[in-house]
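This briefing is meant for a reader new to the structure.

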Amino acid sequence: MHEFLIQTSWWIPTYGLIGAVLTLPWSMGIIRRTGPRPAAYFNLLMTLLSLAHSVWVWQMTLGQPHQLLEFQWFRAVDLDLSFSLEISPVSVGAAVLITGLSLLAQLYALGYMEIDWGLARFFGLMGFFEGAMTGIVLSDSLFLSYALLEMLTLSTYLLVGFWYVQPLVVTAARDAFLTKRVGDLILLMGVVAVSTFTGSLNFSDLTQWAWAETTVLDPNVATLLGLALIAGPVGKCAQFPLHLWLDEAMEGPNPASILRNSVVVACGAYVLIKLQPVLSLSPVVLNVLLILGTMTAIGAALVAIAQIDIKRALSHSTNSYLGLVFIAVGMGQTELALILLFTHAITKALIFLSVGGVMNVTYTQDLTEMGGLASRMPFTTGAYIIGAMGVLAMPPLGGFWAMLQWIDGLWVVPLWLDIVVLLFNGLTAFSLMRVFGLVFMGEVKPKTRRAPEVGWAQAVPMVALVILTLLMPLMLYRWGLLPGWSAVNWRVAISLMLSTLVGAGLGAWIYANSGWEKPIRFPWKPVQVLLAEDFGILRIYQLSVVLVVSLLSKLAAWIDRYIVDGMVNLVGLFTLVSGEGLKYSGFGKSQLYVMTILLAMALIGVVLSFPFLSHLMSIAS
Amino acid sequence: MPQKTGQTVLPPASQTLEEIVRRLETGGALLPNSPDNLIEVVGILKSYGEVLNAYRLNLTYIAEYQFLVLFPFFKYFNGEVTASKLLRHWWHDRINYEFSEYCMKAMFWHGGGKLDDYLDSDEFRQLAQKAIQAKLAGNPLMLGCNRLFPEFLLEQVRVMAYYSALGQFWTVMSAMFLDLSDRYDRGEIQSIGDVVDHILVGLVEAASKPIVYQVKIGNQTYDILPASAGLTFLMDTAVPYVEAVFFRSFPFRGTVTYNAQSHQISADQSQFCYGALYADPLPIGGAGIPPTLLMQDMTHFLPEYLHDLYRMGLRGEEDLRVKICISFQKSMFCVTTAAILGLAPYPITTTNPTEQQANHIYLGSWVKRLADSRLITLQND
Amino acid sequence: MLSALIWIPLLGAVLVTLLPSAWGASYPRFLSLGLIGATVIVSILLGIQFDPSLSDFQFTEQLPWIEPLGLNYQLGVDGLAFPLLVMNAVLTLIALWSSDRFTVRPRLYYTLMLLLNASVSGAFLAQNVLLFFIFYEIELIPLYLLIAIWGGPRRGYAATKFLIYTAVSGVLILIAFLGLAWLTGSTTFDYAVLKQQTLPLTVQVALLGALLVGFGIKIPLVPFHTWLPDAHVEASTPISVLLAGVLLKLGTYGLFRFGLGMFPDAWVLLSPWLASWAVVSVLYGSFTAIAQKDMKKMVAYSSIGHMGFILLAGAAASPLSMLGAVMQMVSHGLISGLLFLLVGGVYAKTGSRDIDLLRGLLNPERGLPVLGSLMVLGAMASAGIPGMVGFMAEFLVFRGSFPVFPVQTLLCMIGTGLTAVYLLLLVNKVFFGRLSESVMNLPRVRWAERLPAISLALLVVTFGIQPIWLSRWTEVSTTTLVSHFPTIAQVTAAQTAANSDRSEERMP
C-alpha cells in the first residue's frame, strides 16, 4: 500500500487536471438547464483527494532519503526527456501546502463567488492551476518544470481574464501573459542551452554537472546561461523588471489572487532554488539575483505604501517579500529561501482571505473609502492581525524565525543585507499597519456602514489558516528549523522586533489616528505619484519594448506592402499574362481558366518531352 | 469646436425624454405599448412571480428559522432536508436563492427608508440584544465575542431584519404578478397601460401594510421589528427596494473594474447606477454578472406563449437568458412606472394646471434620472 | 496499396463529375466525404503495416511508364512523407466537412477537391523526380480554380498571383531536375539513382539554388511570399485549411527530399545562409503579422513565420532538428488548419474578419463562445505553450538547431514570443470585451459546424501530450537522411557526447 501510494504520487497533480476536465460540460455550455455548482464540487473533491494523497505520501517520506520516480515520456535521437519526480519531505510537503491552500481557496470561492455563473470555468482553472503547481514542486526535471511554468502562465492569463468583458481585464490578461512569456521564453533559451551542454534536464543531473570540477564553461556563457535561467522565475515572481503584470493581475477574482500571492509566486522561486547550483556557476548571476532582489524588496515595499487599492497594496508587498527570497537564493541559502516561502505562503494567504472578506461586504477596494470594520467583523479582523504578524518579524510567529535565521544564520551576511532585511521589515510593517488602520480602525464610512461578517464558507478557511499560522513556530520547531533559546542572538532578535515596532508604530500613529487628516498627502507630490504608479513602469514599457515592437511591425508591414509586393506588381508579370484589368476582377473568368489549363498542359508537355530532347542532344554531341 | 446653431434643436435623446414625459402624463408608461411588449411583460412577470414566490418563501424561512445560525448549511432547504432534495441541490437543479440574498444585500448596503434608520436606533439594539442573549444562552464563546465586538452579532440581526423585510415585500409582489398573469389569461389585460394600472392598484392597496419581524427562540417570541416602529410596505420596503435594486445596485465585477486607482466606481453610493433598469443585458450568462442567476431561474417558469416568441429568434433557445433579461427590463420599467405614478404629488388624471405643472416637473425629474438607463433603447425595440 | 491513395480520389473525381446535376449538392458532398474517408482508412491501414524502424522507402510500387524519358510510375513512402500523407487525408476530410453545404457548382467543387487530394498524395509518394514534378504541377490547377471560382471579391487577382508564382516555382524546380539529369547524364529520373550524383560543388550549388527559390516560393520564404496572404484572404475557409495545412508542406517536403537529399554537400555549404534566411523569414513574418487588421491575413503571415522554423531546422540538418522539422510541418498543418477554420467560422457568422471591428465574441449567449475557446487554445498552441503539439515541435527544432546555429536559433525563438503577441492581440480584441453592437444578432452555430475545429483541437492536444506518437514514424528516416552529412552538427554533437560522457564518469 505504501509503495503503491509513493509510486502513484504522480497522481497528485493529475487530480486537479481531472477536476478541470470535469468542468467542461458546464463551462462549454453543454449543460444549461441546471447550474454550474457540481463542477465546483468535483474540483473540491479532487483537491481533497490530492491533499489526502500528498499528506499520506508526505508522512511516509519523513526521515527517508530522497526518492526519484522516472517516467519515460519522450525519447528521440540523442534527446531523452523523461519526467522525473522527486519524492522528498520538502517536495511533497510543498505539494501538501499547495493542495491545502488550494482547497481552502476553493472553499472560500464557493462563498465569495456564489453569485457568479462562471463558477465552472473558474473552478476548472483553479484545478488546472493547482495541478500545474503541484507538478512544479514534485518535478525533478527542468523540462517538466519549464512546461508547467508555461501552464501557470496560461492559467494566470485565463484566471486574470476570467471576467473577460471588463475593459481593464482585457489589457490586464494580455499584459500578464506577455510579460510572463518574455521570462518564460528566455528561460526556454536557457533550457535549450542547458540541454545541449549537459544532455540531461533532470535537476539532480544538472546539480552534479554544475558541481563537477570537470565542468569548464566559458564565464560569459555561464553568465548568459544563468541570466536566461533566472528570467523565468523573475517573471513568475514579478521581480523587477518583469513585474508590470502583477498590478494588473489583481483584476482577477480574489480566490485566485489568494493562490497567486501565496503559492504561485512560491513556485517560481522554487524553480529558482532548484536551479541554484547551475546559477552558482557564475558569480555575476548571483550578484544579479542580489541586486534584483534588493531592488524589488525595497522598491515594492515603498510602492505598496502608496497604493490606495487594497489588493494592490498587498500584492506589491508580496513581490517585496519575494525579493528577499531572491536575495537568499543569490546568497546560496536555499533552505532559508524555503522557510521564507513557507511562512509567507500561509500568512499571505491568510491576509488575502481576510481582505477578500472586506471587499465582499464593502463592495469597494479603495482604502480611502473604508474604515471602522473591526467591531463588526471579528473573524476578518483577527485573521488580518494574525496574518500580518506572521509575515513580519514578530515573535513568536513564523516570519520572525525566518528573518532571524537571515541575520543570525550560520553564514556570514554582509552588513548591507542586514540593513536590507531590517528596512524591508520596517517598511512592510508600516504598510500592513497602514492597511489595517485604514480598513479596520477609524471612522465608519458610507460604504462600510453596513458590513456583516462573511459567511461560513469564507470564515472556515480563515479560521483554519489562523490556526496554522499560530502553529507555525511549533512546526518549524518539530522540523528542527528553529534555533535553541541559547543560540538566539538577542541583539539581532531585538533589532528585528524593533524594526517591526517602529514600522507598525509609525503606521498606527498616522493611519489609526483620527487626528491625521485622510487621505494622507505626501509632502512631495511627485514622489507619491511615482510610487503609486509603480515607478512609472507601464510608461517605461510603452516607451521601450512596446514601441519597438510596434514600430518594427509597422515597418515590416510597410515594406511588405510597398516594397516586396510593390516590386512584384511592378515587374509586370501580371500585365504580361492577362492584360490590363487583371488586378481586380474585371476580366473574363472563363478565358483565364482556359489559359491556365493550357499553360499547365504546356508545362507538362515540356516536361515530358525534354528528356527526349536532351537525349537527342546527347546523341548530337 | 463647431458651434451649435439654433437653441431649439435638442439632441434626439432629450426629445425622446420629452415624449416619454408626455406619454406618462397621458396615462401611458415608460415602456411603449405594443402587442409584443405586452406578451413579453406579462409573460415574464408570470415567470418572475413564480421565482419571487420561491425567493420570498426562502427569505422568510431564513429570517425565522436560521436566526444567528453559525453554519446555515441547509438554509436553502426551507426546513425539508431529504436525500433526494440534497442530491438535486448538489446537482444545482434548484432555484438560485443566492440572487435573492444579493438583492437583500443591495437593500441593506444602500439603506434608505425608516427601516434603515430604525436598525440604528437604541430600541432596536435592546430588542436585538435580548434575542441574541436568548439564542446564544448556552454558548459562552459567542457571547464573549459579542461582548468584545458589540456590533458583530447586531449586524447579523440587522441582516436578518432585511431578510424578513424583503421577504414580506416580495410576498406582495409575487402575488400581484401572478394575479396579473391570471387576469391576462382571462383577457382582462389588453395593454401596457393595464399592466401599470394593475401594479399601481396593488401597490396602493398594500401601501400601509405593516412590516414586522419576530423570531421564535425556544418557546419565546422576540420582537425585532415591532409594529410600534411603524414600518410600512410602500415607503420602507418598496421605495428603498426600487432605489437599491432598480437604480443603484452594485457594479458587476464582470463588467466594471473595482481597481481603486482607476476610479471607475463612484465614491458616492447615490451616484451608483448599476441596477436592473440600467444593466446591460448582453453580457448575461457570462461570468461576474449576478442577474444571470435570476434569468436562469426564470427560464424554468416561462409561459408557453412567451417561450414560443423566444424560440422564433435567430438563435432560438441559445440566447434565452439575454432575451429574458430584455423582457425583464421592460417589465421592470412597468413596475417603475407604477411606482412613479403612485408617488406622484397629484393624481396623474388631474386637470388642475398647477397640479399638472407640479406633476410635470416631478415626472421630468424621474425621466431625466432614467436618461442613461435602458429606457431609450427600449423605446425602439 | 499506395496507389489507392492517389487513385481513390482521382477516380472519385471522375465519378463526382458524372453525377447528374439534378441530384443536388449533397450527393457530391457525401460521395467525396466517403471517398476521402476511405483514403483516411487506407492511411490508417498503412500506418498499421508501416515499420518505423526502417529507413528505406516502404510499400514501393514500380511500373514502367515512359521509359525513354526516364519517367516511371514509382511510389514509396518513408517516415518523412508518411505523416504528411496522413495529414493530407485528414485535413481534406475536414475541409470537405467544413465546406459550404449550399455551394455553387457543387460537382466541380468536389471534383477539384478530390483532384487536389490525389495530386498532393501523388507528390508525397513519388519516387521519381519527374513524377513528383507532374503531381506538383497538377495540384496547381484545382487549387487555382478553387480560389478563382469560390474565392472572395479579389479572387481573380489572388488566384492569378498564386498561379504565376507557383508556375515560376515549377519552372525553377523543373530546371533543377532536368539540369541534374542532363549534367549527370542519367537516363532515368529515379530519385534513388539521381541521389548518387557526384557533381562539382559549384554545379550543385547552382542546382540547389534553383530548388531553393522554387520551393522557397511554395513554402513560402520571404521575399517570395506575397502570393500567400492574398491567396489566403481570398480563398474560402476549406481551401485556406488545405493551403496552409498541406500545400505549403509540399515546399518544405520538396526542399528536404530533393534539395537536402540530393545535394548534401551544397546544402552544408549554404546552410549558414539558410539559417539566416530562416531568421529573416521568421521575424519578418511575425512582425508583419502584428500589424495586420484582417484575422486571416494575420494567420497567413503567422504561417510564413512558422514555416521559417522548418528552414532553420533543415539548415542545421541534425537528426534532432530534422525530426523537429517534420513535427513542425505536422504541427503547423494542424494548428494553422485549426486557426483558419476558426477565423472562417467567425467570418461565416459575423461577415467580418476585422480585428478592430469585432469585439466580445466570447459572449456565452449571443457570441461564439465555443469557437472563442478553441481560438484561445489554437492561439496558445501556435504560441508554443506546452501540452500542445506546437511546443514539442518547436522545442525539437530549437534544441536540434542550437548546437549548430546558436545565434540564429535564439533569434528564431523570438519569433515564438512574437506569435504570442499577435495572437493575443487577436484573441483579446476579438473575443474579450463586450460584444460589439454590429454583431449582436449572429446566427446560431451548430455542433456539426464546430466538429472540424474540435477534432483538430483534439489532435493538437493529443500530440502535445504524447509527441512520441508523432515522432515515432519519422525518427529513423530523418536520421538516415542526414546521417552521412559531414555537418557541424555532428562535430558539435560529438563534443556534447564527450561532455556527457565525462559527466557520467563523475557519477558514482
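A:Asp534 sits in the loop between α21 (525-532) and α22 (537-571) of chain A. The model is predicted, and this residue has a positive phi of about 60° although it is not a glycine. Most residues other than glycine have a negative phi, and most peptide bonds are trans.

**Backbone details**

- A:Asp534 is buried, because 24 other C-beta atoms lie within 10 Å and 20 or more are enough to count as buried.
- B:Leu68 also has a positive phi, about 55°, although it is not a glycine.
- The loop that holds B:Leu68 runs between α2 (35-65) and α3 (83-90) of chain B.
- With 19 other C-beta atoms within 10 Å, B:Leu68 is partly exposed.
- In chain A, the peptide bond from A:Phe240 to A:Pro241 is cis, with omega near 5°.
- A:Pro241 belongs to the loop between α10 (219-236) and α11 (244-249) of chain A.
- In chain C, the peptide bond from C:Ile219 to C:Pro220 is cis, with omega near -10°.
- C:Pro220 is found in the loop between α9 (201-218) and α10 (227-234) of chain C.

**The nonpolar core**

- The largest nonpolar core contains 543 residues, and those with the most contacts inside it are A:Ala269, B:Ile224, B:Cys334, C:Ile147, C:Phe177 and C:Val460.
- Helix α8 (residues 150-185) of chain B contributes the largest share of this core, 19 residues.
- From chain A, domain 1 (1-70 + 85-140) and domain 2 (141-543) each give at least three residues to this core.
- Not counting residues up to four places away in sequence, B:Cys334 touches B:Ala29, B:Leu31, B:Val41, B:Ile192, B:Val195, B:Val196 and B:Ile199.
- In soluble globular proteins, nonpolar side chains tend to be buried together.

**Chain B in outline**

- Chain B has 15 helices and two strands.
- The C-alpha trace of chain B spans about 75 × 50 × 50 Å along its principal axes.
- Of the 381 residues of chain B, 49% count as buried.
- Among contacts in chain B with a separation of 6 or more, 78% join residues 24 or more positions apart.

**Domains of chain A**

- Chain A is assigned domain 1 (1-70 + 85-140), domain 2 (141-543) and domain 3 (588-621).
- The centres of domain 1 and domain 2 of chain A, taken over C-alpha atoms, are 23 Å apart.
- Between these two domains of chain A, 29 residues of domain 1 are in contact with 41 residues of domain 2.
- On the side of domain 1 of chain A that touches domain 2, α5 (89-112) and α6 (119-138) each supply at least two residues.
- Helix α5 of chain A gives the most to that side, with 14 residues.
- By class, that side of domain 1 of chain A has 23 nonpolar, five polar and one charged residue.

**Contact between chains A and B**

- Chain A brings 37 residues to this contact, and chain B brings 46 residues.
- Helix α4 (residues 37-61) of chain A accounts for the largest share of the chain A side, three residues.
- The side of chain A that touches chain B divides into 18 nonpolar, seven polar and twelve charged residues.

Terms used:
Residues numbered from 1 in each chain as written. Chains lettered and ligands numbered in written order. Predicted model: local features only at pLDDT ≥ 70, side-chain atom pairs only at ≥ 80, totals over all residues. Core = buried A, V, L, I, M, F, W, Y, C linked by C-beta atoms within 7 Å. Buried ≥ 20, exposed ≤ 12 C-beta atoms within 10 Å, placed from the backbone. Helix = DSSP H or I, 4+ residues; strand = E, 2+ residues; numbered from the N terminus. Domains from an automatic or database assignment. Contact = placed C-beta atoms within 7 Å. Nonpolar A, V, L, I, M, F, W, Y, C, P; charged D, E, K, R; others polar.
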